[in-house]
Amino acid sequence: MPVVAVVNRKGGSGKSTFATHVASWCAREGLAVMLGDVDRQQSSRSWLRRRDASLPTIAPWVVDQKNVLRVPPGITHVVLDTPGGMHGFELQRIVMFADAIVLPVCPSVFDRESAAACLEELANQPRVMKGQCRIATVGMRVDNRTDAAQVLRAWAAEHKVPMVGMLRETQVYVRSSEYGQTLFDLPPERFKFDLGQWNPILQWLEPVLKPVAVPAPRREPILAQRRPSVLGGRPMNEAGRTAIAGGLSGGLMRG
């Protein structure tokens with residue numbers, strides 16, 4: 001079950017916006033996806049309650065008889081929206097379950113410093129070091145009239161982490177969230193530019209969300225080795241056998 005976690009220690013970095021969009025894209029692709037809200041503010045859960053039933057289904061957590069959050073039956077993909085300030089054991093638990101972690105980062109120096117501290121802690125996690133949990137960043141609320149994109153790319157290069165996309169500052173995200181929607185639920189011809197900004201992000205996520213099944217190695221049948229014939233490799237016809245038998249008997253008689 002692929003798990004994508006959206007992580008950043010700083011609140012207001014766009015985690016819920018990013019998480020709801022990834023879950024919505026999965027639902028549009030026909031994947032049975034759950035949006036798990038680990039954040040105390042429950043922003044993603046509130047967004048789900050506003051989502052119209054006619055839109056592609058995104059499941060929430062279910063609460064079992066012991067009041068424990070569970071993944072509902074039939075779910076194949078999970079997107080986790082995590083709280084700000086996550087570190088230590090809480091962050092380790094996310095890394096243990098996640099196949100990919102995305103850090104949304106806004107251009108301000110405060111956001112970049114907070115994300116850098118989170119990246120440093122993530123880099124020391126065993127599953128990250130082994131490549132079992134992939135890490136990437138995404139620029140959020142980027143004003144195209146400024147050098148914010150260049151600043152974020154330079155920051156990512158400095159910290160040796162991929163910056164897989166930039167999402168511009170636009171009211172489309174704010175307005176669509178009020179109705180439990182995302183860009184992927186809106187008419188694509190009206191939002192070509194903003195949808196285009198998601199393409200490199202989804203290209204990075206797709207191997208995680210849609211892993212290619214590796215075929216089992218083909219086992220060749222093991223045949224018992226035949227002992228080579230003393231008479232050569234090719235089978236002999238009846239005439240050949242008669243000739244050899246005659247030669248052998250003639251030799252014996254002469255002896």
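In which helix is Glu121 found? Glu121 belongs to helix α4, residues 109-123. The model is predicted: local features need pLDDT of at least 70 and side-chain atom pairs count only at pLDDT 80 or more, while totals for chains, interfaces and linings use all residues. Residues are numbered from 1 along each chain as its sequence is written, and side-chain values use heavy atoms, with hydrogens and water left out.

View 1. Glu121 is buried, with a relative accessible area of 18%; buried means under 20% relative accessible area, computed with a 1.4 Å probe on protein chains only. Leaving aside residues up to four places away in sequence, Glu121 touches Arg9, His87, Gly88 and Leu91; contact means heavy atoms within 4.5 Å.

**View 2. Helix α1, residues 15-28.** Helices are DSSP runs of H or I with at least four residues, strands runs of E with at least two, numbered from the N terminus. Of the 14 residues of α1, 12 are buried, including Phe18, His21 and Trp25. Just after α1, Gly30 takes a positive phi of about 85 degrees.

**View 3. The lining of the second largest pocket.** A pocket is an open set of points on a 1 Å grid over the protein atoms alone, where a 1.4 Å probe fits, with protein on both sides within 12 Å along at least five of seven lines; lining residues have an atom within 4 Å of a point. This pocket is lined by 27 residues, and Gly14, Lys15, Ser16, Thr17 and Arg141 lie nearest its centre. Helix α1 gives the largest share of the lining, 5 residues.

How values were computed. Buried means under 20% relative accessible area, exposed over 50%, partly exposed in between (1.4 Å probe, protein chains only).
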